[in-house]
Each structure stands twice: as structure tokens, then as C-alpha cells.
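Subject: Structure for you to look at

Hello,

Here is the structure I promised to send over. Please open it next to this note and follow along.

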Number of protein chains: 2
Amino acid sequence: MLHFTFLGTSSGVPTLTRNVSALAIRNSKNKDWILVDAGEATQHRIQRTKLSLQNLVAICITHVHGDHCYGLIGLLASAGMNRRAEPLTIIAPKEIQQWVETTARLTDLYLPYPLKFIDVHNAIHPQHITDELSIQAHSLSHRVPSFAFSIIAQYTHQKLDIQALTQLGVPKGQAWGDLKQGKNIEFNGNILKSADYLQTHTQQVHAIVGGDNDQPELLTQACQTAQLLIHESTYTQTTLDRVGKSPMHSSAKMVAEFAQQQHLSSLILTHFSPRHQDHAGQQAIADEVSEFYKGNFYLANDFDQFTLDTTGQLSKVNLK
Amino acid sequence: MLHFTFLGTSSGVPTLTRNVSALAIRNSKNKDWILVDAGEATQHRIQRTKLSLQNLVAICITHVHGDHCYGLIGLLASAGMNRRAEPLTIIAPKEIQQWVETTARLTDLYLPYPLKFIDVHNAIHPQHITDELSIQAHSLSHRVPSFAFSIIAQYTHQKLDIQALTQLGVPKGQAWGDLKQGKNIEFNGNILKSADYLQTHTQQVHAIVGGDNDQPELLTQACQTAQLLIHESTYTQTTLDRVGKSPMHSSAKMVAEFAQQQHLSSLILTHFSPRHQDHAGQQAIADEVSEFYKGNFYLANDFDQFTLDTTGQLSKVNLK
């Protein structure tokens with residue numbers, strides 16, 4: 001399962017209820033987690049969750065705009081002050097590497113752990129982060145180069161070939177247990193090799209987290225295997241028509257129509273303009289999504305948590 | 001009067017109750033205010049006060065360490081998104097100018113208002129920021145060049161020379177009123193010039209706000225005319241002795257002894273190590289100050305407000 005914690009859902013500027021962009025995605029089988037975007041004060045948000053900077057395995061930055069990255073350097077510094085020693089992977093536009101390195105030099109910052117920068121253009125090919133987690137980038141359309149990230153958890157487990165063992169007449173119990181644990185056994189005078197009776201099963205959880213983008217259809221290919229799309233919906237279509245296309249953001253309608261065409265089972269919208277953050281503003285977004293998308297959808301709030309399981313089931317965590 | 005709002009009082013890293021360094025100082029005669037230091041999420045703190053980025057007249061950065069400046073760029077960006085047009089003065093080490101300009105370039109940030117950078121070394125001479133506010137920098141001792149800032153409000157007003165007018169027999173009322181408003185009057189066949197009967201009175205409020213520093217005595221000269229010193233007290237002396245001198249911070253004892261020697265009437269301590277932020281830690285700091293300093297002192301908390309009037313009276317604002 002993947003476990004999502006929204007750390008910031010506001011577009012452009014923080015507001016009293018929503019911070020600028022950041023999303024934590026944890027592998028629910030352990031404590032490993034990935035951070036997508038790090039707007040200013042992301043570390044302050046993290047302090048109010050159970051997530052630890054010690055277990056952070058990768059940071060993805062969707063694009064260079066400040067509301068998606070200005071919290072990166074403070075977060076790296078605090079991880080250092082808390083004596084993080086493990087290397088940390090950062091997948092981002094190369095300007096982010098320049099910014100981090102220049103900032104460290106100008107502000108006398110020395111990190112006690114190595115940063116492994118991967119230019120986001122190279123992450124068009126899947127990057128294996130841990131045994132179970134991998135990340136792949138997809139190009140989007142915005143005022144600066146912007147990317148979405150596929151976050152993929154792949155779980156493999158070994159199953160006994162019960163049908164074969166039953167046909168052979170191997171009794172359940174000790175014999176099956178030994179084979180399952182990789183031991184060869186003797187049966188009716190023959191050696192049965194464990195490897196011959198173990199089958200590898202793989203299950204995958206795949207979520208796509210978009211950066212700022214005015215062409216959701218760019219994710220068509222990526223969505224073929226995705227169970228969840230998390231995408232910006234800065235405005236309603238009415239607001240976007242008034243604001244004009246120059247900010248290069250998506251409306252709720254644009255994202256909803258795309259998700260419907262793709263038959264996506266689940267959709268979470270985020271990155272709301274301050275004008276759409278009050279009750280009426282959120283309702284207008286929700287109404288627009290409902291009109292054009294018939295799947296399971298949520299509008300994210302800061303600190304909302306969700307799980308996505310291997311069957312593709314998205315559930316909102318009840319935080320009471 | 002000067003009006004102080006502490007926006008961050010933690011050393012090094014934010015904690016759940018205290019943010020990293022920032023202090024707002026407002027001229028209580030209008031809405032003009034100065035920000036000293038801008039740790040990450042200073043703009044988030046400002047959102048929870050009545051201060052507006054539109055009325056900010058200057059930002060002083062004491063030194064380049066991240067817990068004193070990483071919030072600067074996000075704050076400048078948000079002021080821009082809120083359509084600030086007035087120029088903004090930044091007095092800081094020159095690395096801060098490089099950092100802001102490089103960050104703006106790498107992150108596609110365009111501010112709709114001009115920044116006027118003043119190298120802090122040049123601010124060793126007083127810098128007039130508004131008609132009433134001026135700033136002067138003083139060198140401190142830390143791991144990187146660090147500075148304190150004198151924030152000085154100078155209030156002038158015109159008073160009638162009542163003694164002279166009474167001796168001449170000029171009656172109160174219309175005649176005095178006209179002279180006060182700058183009009184010349186005729187009296188007993190003579191022209192009395194307003195300028196001859198107006199006296200300029202000047203009152204000054206002077207607070208010193210220190211950056212990180214392990215030699216409070218460097219402020220001896222500056223303290224000659226100051227009514228208030230705001231200084232870091234990262235540790236108690238016991239903790240400092242254990243940590244060692246290499247972080248180059250002050251203990252409560254060091255600052256208290258200095259303030260006592262200078263006969264300073266008021267002292268506010270801030271920038272506490274996370275280990276001194278619980279009740280016992282704060283009490284240990286307070287006990288140490290009490291032992292060595294007999295004046296009026298406070299340990300600052302985030303969002304604490306104080307006023308300093310022209311008589312040098314420091315008062316904590318009761319926020320209910």
C-alpha cells in the first residue's frame with residue numbers, strides 16, 4: 001500500500017489554512033517515504049505528522065517555482081542538524097541542484113549526509129529508490145519545465161505451487177513449510193527442489209503526482225497503469241476563463257474530463273488558488289468535477305491522509 | 001514608541017512552539033515596520049499578526065545562517081504576488097544579495113517592486129529608512145560575520161516658546177494658535193515671526209537587536225544611548241560549558257552580566273536552544289539572568305509583543 005499525507009494544498013502563496021505544495025508518500029510496509037515538492041515551511045508541516053526526516057528516501061521537485069521548492073533547503077538543513085547520515089536522492093530540474101549548492105555555499109551550510117541529485121530529464125526512465133519503491137518522471141506543460149512523477153510500489157512474494165504439490169500427493173504441514181522456506185525435501189525417494197515449487201507473485205501500486213500543468217492529456221500514456229492521479233486544479237473553468245491561459249494551470253473541468261476519458265478509478269485534486277479555498281470555492285470545484293468525472297474523487301486539504309492498496313482501492317484515512 | 005512582535009525565538013531549527021529567528025519592529029505612530037531576520041516560515045508567522053508586507057520598510061539580516069534568512073525569499077515572493085509596488089530596503093551581508101538574486105534567476109521569480117540592497121558593512125553608518133526610523137549596524141562575533149542593529153525612532157515636534165510669549169504679553173488663543181501653525185502675527189504694531197517662537201523638541205527611542213554573538217561586550221559603545229537590548233541567549237552557562245565555545249553563542253549569564261555592567265534598563269532574551277524551551281529550560285535561563293542582572297527583563301516567546309516608549313519604559317503587551 002501507499003500512504004499519502006498532504007502537507008500543502010495552496011497555489012502560489014500560503015494561506016491560514018493551507019500551505020504551499022508538498023506531499024508525503026510512504027510505503028506502508030515500512031517507514032520509507034518520498035516527498036513530492038517542498039514549498040516553504042514543509043518541514044514545519046512534517047513536524048506535525050509522524051513522518052521522520054530520517055526515513056525520507058527521496059525528494060522529487062516538479063518544477064522550480066518557489067511555492068514548490070523554497071522549503072527544500074531548510075528541510076535539508078534540519079535533517080542535518082538532526083544528524084541524518086543516510087544519502088538522500090533528489091530528483092529535480094538541474095536548477096534545483098544549482099540552487100541547493102549555491103545556497104549551501106553562501107549560507108555556510110554543511111550537510112553531514114550526501115545528496116544524490118538526479119536530473120529530472122534522466123528520470124524519464126524509472127529510478128529504483130528502494131527494493132520496493134521506484135519513481136518515473138513525465139513531462140508536463142507549464143511556464144517553466146514541469147513534471148509529474150509516477151510513484152510505484154512493487155511488492156513481490158513467493159507462493160507455493162499448491163496445485164502441483166497436491167497432484168504429487170505431498171502432504172500439507174512440515175513438507176510444504178520447508179519448501180516455502182526455500183528448503184529442498186525428500187518425498188517418495190525423490191528430492192523436490194523448493195525453487196521448482198515456489199512462484200513469484202508481484203503486485204503493484206501506481207500513483208501519479210502531477211506538478212503545475214495546463215495539459216492533463218500529456219499523462220495519457222502514464223495513466224495506462226496508474227490507479228490514482230493526483231493533479232493540480234488551481235481554478236474552476238469559469239475562473240480560468242476569466243484569468244486567462246497565461247498562468248498555464250488546469251481547471252477542475254480539464255482534469256475531470258481527462259480522468260473520465262482515461263477511466264481512472266481515483267482522482268485527488270489539489271493546489272487550489274486562494275480564491276477557491278473557502279467553502280463556496282471548494283464546492284464550485286467539487287461540482288465541476290462531479291459533472292465531468294464519474295469515479296472516486298477527493299479535494300485534498302492540508303493533513304488529509306489517504307491509502308491506495310494493491311487492488312487500486314483509494315481510501316481516506318479517518319483521523320477523527 | 002517602538003512596537004515589537006517576536007515572530008521566531010528558536011535557535012537552529014523550528015520546534016512545535018517556536019519558529020526560527022524573526023522580529024518585527026513597528027513605528028507605533030504609523031504602520032511602518034522593520035523586520036530583523038527572516039527564518040523559514042516568517043511569512044507564515046506574519047500572516048497570524050496584523051502586520052502587512054505592504055508596510056514593511058526594511059529588512060535587516062544579521063548573518064547568513066539559514067535559521068536567520070531562509071524565509072527571506074518566500075516573503076519577498078509573496079509580497080510580490082500581493083502586488084507590493086514600493087521599493088524595499090534590505091540591509092544584509094552581501095552574500096544575501098547574491099543569494100536572493102541567484103534564487104530569483106534559478107526559480108523564475110520576478111518581483112514587481114525594486115529591492116535596495118545595502119551591504120551591512122556600509123550600515124556601520126546610520127541609514128535613514130523613513131522620516132522617523134533609522135538603522136545602524138554593529139559588528140559581533142560568530143562563526144560567520146554577524147551584526148546587531150540599532151533601530152532608532154526619532155520623533156520631533158514643535159513647541160511654542162510660552163515663556164517668551166508670556167513675557168511679551170501676547171494673549172493665549174488665536175495669536176498662539178497662529179504662531180504654532182507657522183503663521184506670523186501682528187502684535188502691538190510689531191510682526192512676530194512664527195519661526196522665532198517655535199522650538200524643536202526631539203525624542204528618541206533606541207533598541208539594539210543582536211544577531212548570533214559570543215561577545216556581548218562588543219555592544220558597549222552602541223549601548224551608551226540604547227534603552228533596550230534584545231540579544232540571543234542560546235544556552236545557560238552550564239549548557240554552554242558542556243557544549244563548548246565552538247558554536248560561538250552567548251549564555252544567559254554572559255548577556256546578563258554585560259547588561260548589568262552597562263546599567264541597561266531593559267533586556268529581552270531570545271534564540272533559545274530547543275533544550276531550553278520547556279518549562280524547566282526556560283526557568284534555568286530566567287534564574288541565571290536574575291542572578292546577574294537587576295533590571296527589567298523578559299524571555300521572549302513567539303508572538304510576544306512589547307512596547308518601548310520615549311522615556312525608555314519597556315512594557316509587555318497584554319494579549320489576553
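Start in chain A, at A:His271. This residue sits in the loop that runs between strand E14 (266-270) and helix H10 (279-292). Keep in mind that the model is predicted.

A:His271 is buried, at 2% relative accessibility. Its side chain makes a polar contact with the side chain of A:Asp212, at 3.1 Å.

Which residues share an annotation with A:His271? UniProt, in an unreviewed entry, gives the feature "binding site" to A:Asp67, A:His68, A:Asp212 and A:His271. These four span 205 residues in sequence, yet no two of their C-alpha atoms are more than 10.6 Å apart, so they gather at one spot.

A:His68 belongs to helix H2 of chain A. Is A:His68 buried or exposed? It is buried, with a relative accessible area of 2%. The side chains of A:His68 and A:Asp67 are joined by a polar contact of 3.5 Å. Beyond its neighbours within four places in sequence, A:His68 touches, among others, A:Ser21, A:Asp37, A:His63, A:Asp212 and A:His271.

Now the other annotated group. The unreviewed UniProt entry also has a "binding site" annotation that covers A:His63, A:His65, A:His142 and A:Asp212. They span 150 residues in sequence, but no two of their C-alpha atoms are more than 10.5 Å apart, so this set gathers at one spot. Note that A:Asp212 is listed in both annotations.

A:His63 lies in the loop between strand E4 (56-60) and helix H2 (66-69) of chain A. The residue is buried, with a relative accessible area of 0%. Its side chain has a polar contact of 2.9 Å with the side chain of A:Thr62. Apart from neighbours within four places in sequence, the contacts of A:His63 are A:Asp37, A:His68, A:Pro93, A:His142, A:Val144, A:Pro145, A:Ser146 and A:Asp212.

A:His142 is in the loop between strand E8 (133-139) and strand E9 (147-160) of chain A. A:His142 is buried too, with a relative accessible area of 8%. What does its side chain hold on to by a polar contact? The partner is the side chain of A:Asp212, at 3.4 Å. Leaving out neighbours within four places in sequence, A:His142 is in contact with A:His63, A:His65, A:Asp212, A:Asn213, A:Pro247, A:Met248 and A:His249.

Last, the interface. Chain A and chain B each put 34 residues into the contact. The area buried between them is about 2800 Å², and carbon and sulfur atoms give 61% of it. On the chain A side, A:Glu40, A:Tyr70 and A:Leu106 lose the most area to chain B, together 26% of what that side buries. Helix H1 (42-47), helix H3 (72-81) and helix H4 (94-106) are the elements of chain A that give two or more residues to this side. By class, the side has 15 nonpolar, 15 polar and 4 charged residues.

How many salt bridges cross the interface of chain A and chain B? The count is 0. Polar contacts are there, though: 14 residue pairs between the two chains, both residues at pLDDT 80 or more.

Best wishes

Conventions: Residues are numbered from 1 along each chain as its sequence is written. Chains are lettered from A and ligands numbered from 1 in the order in which they are written. This is a predicted model: local features need pLDDT of at least 70, side-chain atom pairs count only at pLDDT 80 or more; totals for chains, interfaces and linings use all residues. Side-chain values use heavy atoms; hydrogens and water are left out. Contact means heavy atoms within 4.5 Å. Buried area is the accessible area (1.4 Å probe) that two parts lose on being put together, summed over both. A salt bridge is a side-chain nitrogen of Lys or Arg within 4 Å of a carboxyl oxygen of Asp or Glu. A polar contact is a pair of N or O atoms within 3.5 Å; within protein, one must be able to donate a hydrogen and the other to accept it, and residues adjacent in sequence count only if both atoms are side-chain atoms. Helices (H or I, at least four residues) and strands (E, at least two) are DSSP runs, numbered from the N terminus. Ala, Val, Leu, Ile, Met, Phe, Trp, Tyr, Cys and Pro count as nonpolar, Asp, Glu, Lys and Arg as charged, and the others, Gly among them, as polar. UniProt positions are given in the numbering used here, feature names are shortened, and annotations may be inferred rather than shown by experiment. Buried means under 20% relative accessible area, exposed over 50%, partly exposed in between (1.4 Å probe, protein chains only).
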